[in-house]
Amino acid sequence: MAVPVRFTLNHEDVEIHVQDPAATLLDVLRHDLGLTGTKSGCAIGYCGACTVIVDGQAVPACLQMVGLLDGRDVRTIEDLSGPDGLDPVQSAFVKCAGLQCGFCTPGHVMALRALLDEEPDPGEERLRQTVDGNYCRCTGYVKILDSARMAVSLDQALTKEAR
């Protein structure tokens, strides 16, 4: 028997019926809802590739049971946007060439988006801690950290414009 689950996904109310409430949010997003921007990496919550934002917190979608989402707010990479079409964090990754192969990028972007939503002016250590939670297997973190620093600047500039 399917179990109904109601939550907000990218600012829209959704109701899905799942056969297994213990199914992961990652599987539901990718296979049931067609939102493939969230990547599947290690499937044990370690690599950060599947990072989404649930109730304002960055969480690994591979560990989030969909049956526990009732009434909660979920944001995925598909939700992000900004004045030029991209969220400031996404723009920073483009401008600093922080994408490399791109597989880990959605996880990095969502983790940084959650950080900047909670803490608009994070210091270097907070940026490093946030980036450290997502694995990049390409080359390294120099351009990703450059992107994180630029994301702070772009996000702050956008906030000032909005005032």
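The following conversation goes through a predicted model of one protein chain.

Student: What share of the residues is buried?

Tutor: Buried residues account for 43% of the 163 in the chain.

Student: And what share of the contacts joins residues at least 24 apart in sequence?

Tutor: Taking contacts between residues at least 6 apart in sequence, 59% join residues at least 24 apart.

Student: Let us turn to helix α2. Is α2 mostly covered or mostly uncovered?

Tutor: Helix α2 is mostly covered, with six of its eight residues buried. The buried residues are Pro88, Val89, Gln90, Ser91, Ala92 and Phe93.

Student: At what angle do α2 and α5 pack?

Tutor: Helix α2, residues 88–95, packs against helix α5, residues 142–162, at an angle of about 135°, and their axes are 8 Å apart. The two helices are therefore oblique to each other. The crossing of α2 and α5 is right-handed.

Student: Which residues make that contact?

Tutor: On the α2 side they are Pro88, Val89, Ser91, Ala92, Phe93 and Lys95, and on the α5 side Ile144, Ser147, Met150, Ala151, Leu154, Asp155 and Leu158. Sorted by class, the contact of α2 with α5 has nine nonpolar, two polar and two charged residues.

Student: Why would a helix such as that present residues three or four places apart?

Tutor: An α-helix has 3.6 residues a turn, so residues three or four places apart point the same way.

Student: How do α3 and α5 pack, in angle and distance between axes?

Tutor: Helix α3, residues 105–118, packs with α5 at about 40°, and the axes are 11 Å apart. Helices α3 and α5 are therefore oblique to each other, and α3 passes α5 in a right-handed crossing.

Student: Which residues are in contact there?

Tutor: Helix α3 contributes His108, Leu112, Arg113 and Leu116, while α5 contributes Ile144, Ala148, Ala151, Val152 and Asp155. By class, this contact of α3 with α5 has six nonpolar, one polar and two charged residues.

Student: Staying with α5, is Arg149 buried or partly exposed?

Tutor: Arg149, which is found in helix α5, is partly exposed, with a relative accessible area of 31%. Setting aside neighbours within four places in sequence, Arg149 is in contact with Glu124, Leu127 and Arg128. The C-alpha atoms of Arg149 and Gly123 are separated by 9.1 Å, although the two residues are 26 residues apart along the chain.

Student: Now the loops. Where does Asp87 lie?

Tutor: Asp87 lies in the loop between β5 (73–75) and α2.

Student: Is Asp87 buried or exposed, and what does Asp87 touch?

Tutor: Asp87 is buried, because its relative accessible area is 4% and buried means under 20%. Not counting residues up to four places away in sequence, Asp87 touches Leu80, Ser81, Gly82 and Arg113. Arg113 also belongs to the α3 residues in contact with α5.

Student: What about Leu63: where is Leu63 found?

Tutor: Leu63 is found in the loop between β4 (57–60) and β5. Leaving out residues up to four places away in sequence, Leu63 touches Ile44 and Gly45. Leu63 and Ala23 are 40 residues apart in sequence and 9.2 Å apart in space, C-alpha to C-alpha.

Student: Last topic: what is phi of Ala43, and what is phi of Gln100?

Tutor: Phi of Ala43 is near 65°, a positive value in a residue other than glycine. Ala43 is found in the loop between α1 (25–32) and β3 (51–54). Gln100 is not a glycine either, and has a positive phi of about 50°. Gln100 is found in the loop between α2 and α3 and, at 29% relative accessibility, counts as partly exposed.

Key: Residues numbered from 1 in each chain as written. Predicted model: local features only at pLDDT ≥ 70, side-chain atom pairs only at ≥ 80, totals over all residues. Heavy atoms only, no water. Axes fitted to C-alpha atoms, helices over the stretch in contact; angles between N-to-C directions. Helix = DSSP H or I, 4+ residues; strand = E, 2+ residues; numbered from the N terminus. Parallel < 35°, antiparallel > 145°, perpendicular 65-115°, else oblique. Left-handed = near helix turned anticlockwise from the far one by under 90°. Contact = heavy atoms within 4.5 Å. Nonpolar A, V, L, I, M, F, W, Y, C, P; charged D, E, K, R; others polar. Buried < 20%, exposed > 50% of the residue type's maximum accessible area, 1.4 Å probe, protein only.
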